[in-house]
Amino acid sequence: MTYSSPLADAPAIREPLHAPVAHLVRGGVTEGVHYGSVVVLGTDGEVDFQLGDIEVAFYPRSALKPVQAVAMVRAGLPLDGELLSLAAASHSGEERHLAGTRRILELAGASEDDLRNVTDLPYDPVVRDLWIREGRLPSRLAQNCSGKHAAMLYTCKLNGWSLDGHLDPGHPLQQAIAEIVEDLTGQRIARVTVDGCGAPLFSVSLNGLARAAARVTTAVPGTPEARVADAMREHAEMASGSGRDVAALMRAVPGLLAKDGFEGVEVAALPDGRAVAVKISDGANRARVPVTAAALVRAGVDPALLTPFAGEVLLGGGEPVGSIRTVRALDPVTEPTCA
């Protein structure tokens, strides 16, 4: 579905005004500070909480993949279930991910040689180490975006679009994706560059990213948005990996759709439209995970469900001596009690 409201102007391109979001506390002393920005949307789509700079232009990286998948489904991509989840994935390079990508290529009448993403080893460190021990070389199939790229080829084949130059921002596929990025975020794209995998990367705001996720999770059943959300929630490990925090988060919180991205980005949304988006300035996963969890608590998620994501323990001599702690501003708001 499309949205009739006029698009907001593109977010400003300037230095972000990030704020402290998490502290590295060792032995009772703040050893380090992670800066970033956080937005929490209510069921009405309005901002319930913000910290840092939620309207500046930034790159969502792979957190935008669910929107890219929606665009491909709108353009006729017939995938569902595990394969549609893989089309929105930053996968770990497990054998099921490679097999699923091969299946999408087979449906497209294409081969691994037709992929135009970069070559890489599997993202999961255990799988990657196994590849190295076995003497396996980097490949396009193993690279974490191969499912998306295979789906892009399939979408092009179905629409009669040329495979040559299909990653060019001017190609019909990328134009269709850009249109849906603007539709779901509700704002014009600020700038287009190239993501690490080689595909176009669209700059929006953190607030816009959260709006897009909320629109995906609140869509009418059977729509492209709902199909993508259902596929990713039902097959969370295909959208990431068996040992990934984002998959564990979706399993822990009923109905949650979540997607991470490089450089400390994460977006998550519930079926009622509550949504959060996080950007960690220095790109640290050790801050991304607890800050996302704290934002979800601010959005009303039961804190007990999020205890495993509260922040890693810091060790000294093999013993716990500290932790990553989110800033007090992210603490949930509680109603005062009468004396």
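Strands and pockets

Biologist: Four bridges join strand S9 (residues 313-316) to S10, and the two run antiparallel; what makes them a pair?

Modeller: Two strands pair if DSSP finds at least two bridges between them, and S9 and S10 have four, so they are called a pair. This is a predicted model, in which local features need pLDDT of at least 70 and side-chain atom pairs 80 or more, while totals for chains, interfaces and linings use all residues. Residues are numbered from 1 along each chain as its sequence is written, and side-chain values use heavy atoms, without hydrogens and water.

Biologist: How do you know that S1 pairs with S10?

Modeller: Strand S1 (residues 19-26) and strand S10 (residues 319-326) share five bridges in the antiparallel sense. Ser-323 in S10 stands opposite Val-25 and also opposite Val-313. In the hairpin of S9 and S10, with two residues between the strands, Gly-317 takes a positive phi near 65°.

Biologist: Which residues lie nearest the centre of the largest pocket?

Modeller: Of the 23 residues lining that pocket (those with an atom within 4 Å of a point), Tyr-123, Asp-245, Asn-285, Arg-288 and Val-289 lie nearest its centre. Helix H11 (285-298) and strand S6 (257-261) each supply at least two lining residues, and the largest share, five residues, comes from H11.

Biologist: Which residues are closest to the centre of the second largest pocket?

Modeller: Ala-293, Ala-294, Val-297, Ala-310 and Thr-326 are the closest, among 14 lining residues. H11 and S10 each supply at least two of that lining, with the largest share, four residues, coming from H11.

Methods:
1 Å grid on protein atoms, 1.4 Å probe; cavity = no way out; pocket = protein on both sides within 12 Å on 5 of 7 lines; lining within 4 Å.
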